[in-house]
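Hi everyone, thanks for making time for this. Let me put the model up on the screen, and then I'll walk you through it.

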Amino acid sequence: MEVRLSARAAAVFEKVSKVYRVGWNSRRVVALDEVSLAIGWGEVFGLIGPNRAGKTTLMKVLLSICRPTGGRVMRLEYPLSERATLARIGYVHENPAFPQYLNAWQLVEGYGRMSGVPRRVVRDRTEELLHRVGLSDRAHETIAHFSKGMLQRVALAQALVNDPRLLVLDEPAEGMDLPARRLLDDVIRERRTAGHSVILVSHALPDVKRLCDRVAVLRGGRVAFTGTTTELAGAGFPPQPGEDQLESAVEALYAGAGA
Amino acid sequence: MKDSPMLATFAWLVRDTFRQARAHAIFYVLMAISIVSIAVCATISIEGPATLAVGSENPDFLPRNDVDVQDPDKLEQSGVMVADGRLTLAFGAIEVPLARDTGSAIHFLELLLAGGVADTLGLMLALIWTAGFLPTFLDGRAISVLLAKPAPRWVLILGKYVGVLAFVLFYALVFVVGTWAAIGLRTGFWDPTYLLSIPLLLLHFSIFFGFSVLLAVCTRSTVVCVFGSLLFWCVAWSVNFGRHLFFTSTDMAAESLRSPLLGSVVDFGYWILPKPADLGMLLFDSLGAHDHFGAAFDPTALAVHGFSMTLSVLSSLTFGLVVLWISVRTFAKTDY
């Protein structure tokens, strides 16, 4: 699949590969196989795929959490070697494990400071964000007592504290209650309105359909589809009884159609 | 204008280490040990001659239970003084008769506190306790968000390393300065050499904690770090002590084992590894322990076989720095 790549984008992946060596015999596991994608400015981009498709690995490569084996990646129009670009990126991990001895305030403020946000600004931002995610009354409680949903709210607050130009959300709605999901929707739409970009990694097709401008389907470390959700739904896969078009198209892609 | 993320990350990690430490029960155990030690020192009182020595001469005195002391005439004729002071603890509840002058008794007590409590018990507890800090920090789910921050990876490792050292320094300061001040206030003896135990303790700890960091980066396992660090300390101590014994022992069995090849192997191990026994000797030398304890090895015999305290400390320090550098390099190349 040919993708027109431009350096003027929030993120660009050009034939990116990632091979892990696992086990005592260094068995080769291909996590990404020549992935090419471009995420534009002001775009909400959905990344879907079955388990072990390479979605999280692709995000880790973008965030310099792991190194690509091959290919080229541009982040906020700069190569990966420019770590300073990470100061304008927010990241919500799929299953965050923050230090249990910190309270929500310390965590959000500290992670903001680590992104280079000045001390005076970070205090106001922390207060504002904790209020926004509904944790201002529990800001000074250690997060060891927090539920999964509350941890996701803290994770969202820390990802926004540096006012990111690119927000990477890896399964952010996991464990969130309805008000928190609405908040997440609002945050994503606000980022888009402000001209910032969002990458949403999700298994929840309704979320992807509702929020994303474009979507990519990864399968076995390769890009199986890129386009809008409408294009995906009409990609020529007849729906199964009781399924909508998007769902059946995605299921067919997961199963190997269109390869 | 933005602040430097590198400096902010470093400062935050140092501060975070104190928070992490406070979250463990052992923080309070160590604090309790320090407070009890300071409290014991604050109950000391001392009676007896301030010094039996004149100037820098060796003290010329008799212990109180010497037979010659029982004969007052003979004692008066000899012109020798008798050590007749006493040291009491718990506001007089426990009495310890002095064998020498009061200054010497205080010095002996400080040696026990510096060498026994701080440099042995304190060091081991600190090594065991802090060995779990890095593996927790490096857990894949925990570190991922930090790796997606702009500060380079080496800042994360060094920030945590310096944080742990700062914390151990804090404890060393509380313990040593606390006991020093309590003893000084109660007895009027203010021996500044006792304070040298603080940097020496920190030096000793920093070298072995560097090894613990390497284990953490390679395995991310608390169990491996705790037992690996202790085992490594024991191996390094055995090689260090064994090397000196090998070259200086006049025992027939040791002499029969001595061969150029084995000597080279022992020497190689000695110079490669850090040297906890030598660091202990340095502490005792610095605190002037030779007045109370016999040297484990004859310094002249050691010098003949290439021993130099300066080289020993420098090579231990080099080991610590190299291990830390390897840790940083390994961490920089690790995928999470």
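This is a predicted model: local features need pLDDT of at least 70, side-chain atom pairs count only at pLDDT 80 or more; totals for chains, interfaces and linings use all residues.

A:Lys18, A:Arg67 and B:Asp335 are joined in a network of salt bridges, where a salt bridge is a side-chain nitrogen of Lys or Arg within 4 Å of a carboxyl oxygen of Asp or Glu.

Residues are numbered from 1 along each chain as its sequence is written, chains are lettered from A and ligands numbered from 1 in the order in which they are written, and side-chain values use heavy atoms, with hydrogens and water left out.

Back to the two chains. How many salt bridges run between chain B and chain A? The count is 2. There are also 15 residue pairs in polar contact between chain B and chain A, both residues at pLDDT 80 or more. A polar contact here is a pair of N or O atoms within 3.5 Å; within protein, one must be able to donate a hydrogen and the other to accept it, and residues adjacent in sequence count only if both atoms are side-chain atoms.

Which parts of chain B touch chain A? Helices α1 (5-22), α6 (140-147) and α7 (153-187) of chain B each supply at least two residues of that side. The largest share, 7 residues, comes from α1(B). Helices (H or I, at least four residues) and strands (E, at least two) are DSSP runs, numbered from the N terminus.

The size of an interface is often given as the accessible area lost when the parts come together. For chain B and chain A, about 2,800 Å² is buried between them, with 55% of it on carbon and sulfur atoms; buried area is the accessible area (1.4 Å probe) that two parts lose on being put together, summed over both. On the chain B side, B:Trp12, B:Arg141 and B:Lys149 lose the most area to chain A, together 21% of what that side buries. The contact takes in 29 residues from chain B and 31 residues from chain A, with contact meaning heavy atoms within 4.5 Å.

Now some salt bridges inside chain A. Over all chains, the count of salt bridges comes to 17. One of them joins A:Asp163 and A:Arg88 (3.9 Å, N to O). That pair links distant parts of the chain, 75 residues apart: A:Asp163 is in the loop between α4 (148-160) and β7 (166-170) of chain A, and A:Arg88 is in the loop between β5 (78-79) and β6 (89-92) of chain A.

Another salt bridge is between A:Arg210 and A:Asp185, at 2.8 Å between the closest N and O atoms. A:Arg210 lies in helix α6 (residues 205-211) of chain A and A:Asp185 in helix α5 of chain A, so this pair ties together parts that are 25 residues apart in sequence. Is A:Asp185 buried or exposed? A:Asp185 is buried, at a relative accessible area of 11%, whereas A:Arg210 is partly exposed at 39%. The cut-offs are under 20% relative accessible area for buried, over 50% for exposed, and partly exposed in between (1.4 Å probe, protein chains only).

A:Glu43 sits in the loop between β2 (27-39) and β3 (44-48) of chain A and counts as buried, at 10% relative accessibility. The A:Glu43 side chain makes a polar contact with the side chain of A:Arg214 (2.4 Å).

Over to chain B as a whole. Chain B has 14 helices and 5 strands, and of its 336 residues, 48% count as buried. In helix α8 (residues 197-219) of chain B we find B:Leu201, which is buried at 9% relative accessibility. Leaving aside neighbours within four places in sequence, B:Leu201 is in contact with B:Ala118, B:Asp119, B:Leu123 and B:Ala172.

Last item: B:Val265, in helix α11 of chain B, is exposed, with a relative accessible area of 52%. That's my tour, so please jump in with questions.
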